[in-house]
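Please look over the aromatic and charged side chains in the model below. A short report follows.

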Amino acid sequence: MSDSPDSAKKKILLIDDEPFITSLMAMNLEDSGRYEVREQNDSLKALETIMDFVPDLVVLDVMMPDLDGADIIYRLKNDARLKHIAVVFHTATVREAELHAHGGIISGFPFLAKPATTDQMIEFIEKHLPK
Amino acid sequence: MNSVPPDSPPPAQSTLQQLEEGGALSQFASSIAHEVCNPLSQIVLATDLLAGPQPMTDEFRKKIITFLRQGADRIEKAMKSMLQTCAPIETSMVAEDANVLIETALASLTVDASVRVEKHFASDLSSILIDKKHMTEAVAAIFANALDAMQPSGGTLTITTYAKVFTSSEREGWQRQSWFRAGDHAVVIEIADTGHGIHKSQMPLIFEAFYTTKVAGKGAGLGLTVAKKVVDLHHGRLEIDNRPEGGVLAVLTLKSAAKPATFLSQPLP
């Protein structure tokens with residue numbers, strides 16, 4: 001493992017209402033030396049943070065209070081400024097209702113089931129980062 | 001308060017059975033997965049950090065161990081809640097004054113100083129036939145949700161009780177015991193808060209097990225689920241809706257054990 005120069009690091013945004021999970025994910029991902037990571041635990045501030053940070057990839061939880069993952073992705077994909085940003089789901093469970101929410105748009109996105117190890121997460125992120 | 005041998009006690013029925021009947025078992029399992037997999041994720045990621053090559057201070061190591069313990073504690077709590085939800089509810093019915101029930105439930109909670117509690121209690125209520133322990137917990141769960149909804153800014157919790165005589169038949173659900181018929185006497189408990197209300201998209205989910213809008217680790221999302229099961233076992237009715245002026249109104253309707261004492265003591269003409 002070697003540190004990449006900051007400019008070469010991919011920007012990953014973690015959106016999850018569980019601060020312990022985003023904090024641990026961020027530490028593990030940053031320890032790999034490959035990523036610049038930002039966390040957002042308030043789903044209502046998700047779009048604002050995406051606009052400010054402009055990540056290469058968003059790792060999004062599904063079940064959250066206020067706005068759930070489906071709501072966020074629906075808004076993101078309907079915003080001309082943000083719709084190009086890649087999104088993956090990191091979720092403890094995907095429910096039938098959520099899968100079909102908003103015209104089934106959520107089912108078009110890859111998801112990683114919790115719990116995932118850091119190695120699994122990095123493999124998943126690398127697979128879905130825009131080339 | 002008198003012990004009353006119930007003529008036809010509500011059958012002990014496991015919540016799991018009720019969920020199966022409602023076709024909600026898969027959703028329940030999904031909710032449990034959510035409650036367990038999130039802290040499990042926390043444990044896996046904390047272990048990765050401990051096992052990783054990066055040097056760490058003793059203080060940082062202690063912080064990671066705290067993450068591990070906190071994750072394990074959450075799983076334990078989730079499993080205990082699940083077992084409690086799935087356990088059969090055994091009832092022991094007694095006649096109770098609804099106003100006393102409310103006071104007991106309120107006393108079991110800590111009411112923040114920012115919340116004003118207004119009580120409008122009817123004094124001529126007939127008693128209700130309840131399992132005191134379970135119904136107190138159910139009413140306390142409704143109060144707790146109302147109180148949480150008013151944080152952090154505070155507000156007013158208004159509790160109103162009144163007697164109701166049904167003038168027409170009201171059928172809800174398939175259980176005949178749960179129908180209110182014309183002439184039935186009931187006691188109604190209304191609980192109104194001035195909190196943030198419930199989003200209309202979330203309204204169908206409020207009685208769903210493990211559904212919560214509270215921040216992670218703050219509430220397991222079982223309070224209203226268990227409250228509804230307890231009310232159903234008493235063949236009562238629990239309705240929750242937003243108030244037009246803001247906040248939420250919960251209406252709990254329970255059948256009277258007997259006609260009001262004032263009615264019985266009225267002299268014959």
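Is A:D61 buried or exposed? The model is predicted. In it, A:D61 has 1% relative accessibility, so this residue counts as buried, the cut-off being under 20%. A:D61 sits in the loop of chain A between β3 (57-60) and α3 (69-77). Beyond its neighbours within four places in sequence, its contacts are A:I15, A:D16, A:D17, A:G69, A:F89, A:H90, A:T91 and A:K114.

**Aromatic pairs**

Over all chains there are three aromatic pairs. One of them is A:F20 with B:F67, an edge-to-face pair. A:F20 belongs to helix α1 (residues 19-31) of chain A and B:F67 to helix α3 (residues 58-86) of chain B, so this pair joins two chains. A:F20 is partly exposed, at 32% relative accessibility. B:F67 is buried, at 5%.

A:F89, listed above as a contact of A:D61, pairs with A:F109; their planes stand at 90°, so this pair is edge-to-face. The two residues are 20 apart and link distant parts of the chain. A:F89 lies in strand β4 (residues 86-91), A:F109 in the loop between α5 (101-104) and β5 (111-113). Both are buried.

| Pair | Centre to centre | Angle between planes |
|---|---|---|
| A:F20 and B:F67 | 5.1 Å | 75° |
| A:F89 and A:F109 | 6.3 Å | 90° |

**Charges over rings**

Lysines also meet rings here. A:K11 lies over the face of A:F53, 4.9 Å from the ring centre. In chain B, the charged end of B:K255 sits over the ring of B:F180, at 5.3 Å from its centre.

Key:
Residues are numbered from 1 along each chain as its sequence is written. Chains are lettered from A and ligands numbered from 1 in the order in which they are written. This is a predicted model: local features need pLDDT of at least 70, side-chain atom pairs count only at pLDDT 80 or more; totals for chains, interfaces and linings use all residues. Side-chain values use heavy atoms; hydrogens and water are left out. Helices (H or I, at least four residues) and strands (E, at least two) are DSSP runs, numbered from the N terminus. Buried means under 20% relative accessible area, exposed over 50%, partly exposed in between (1.4 Å probe, protein chains only). Contact means heavy atoms within 4.5 Å. Rings of Phe, Tyr and Trp (its six-membered ring) pair if their centres lie within 6.5 Å; planes under 30 degrees apart count as stacked, over 60 as edge-to-face and the rest as tilted. A charge sits over a ring if NZ of Lys or CZ of Arg is within 6 Å of the ring centre and within 35 degrees of the ring normal.
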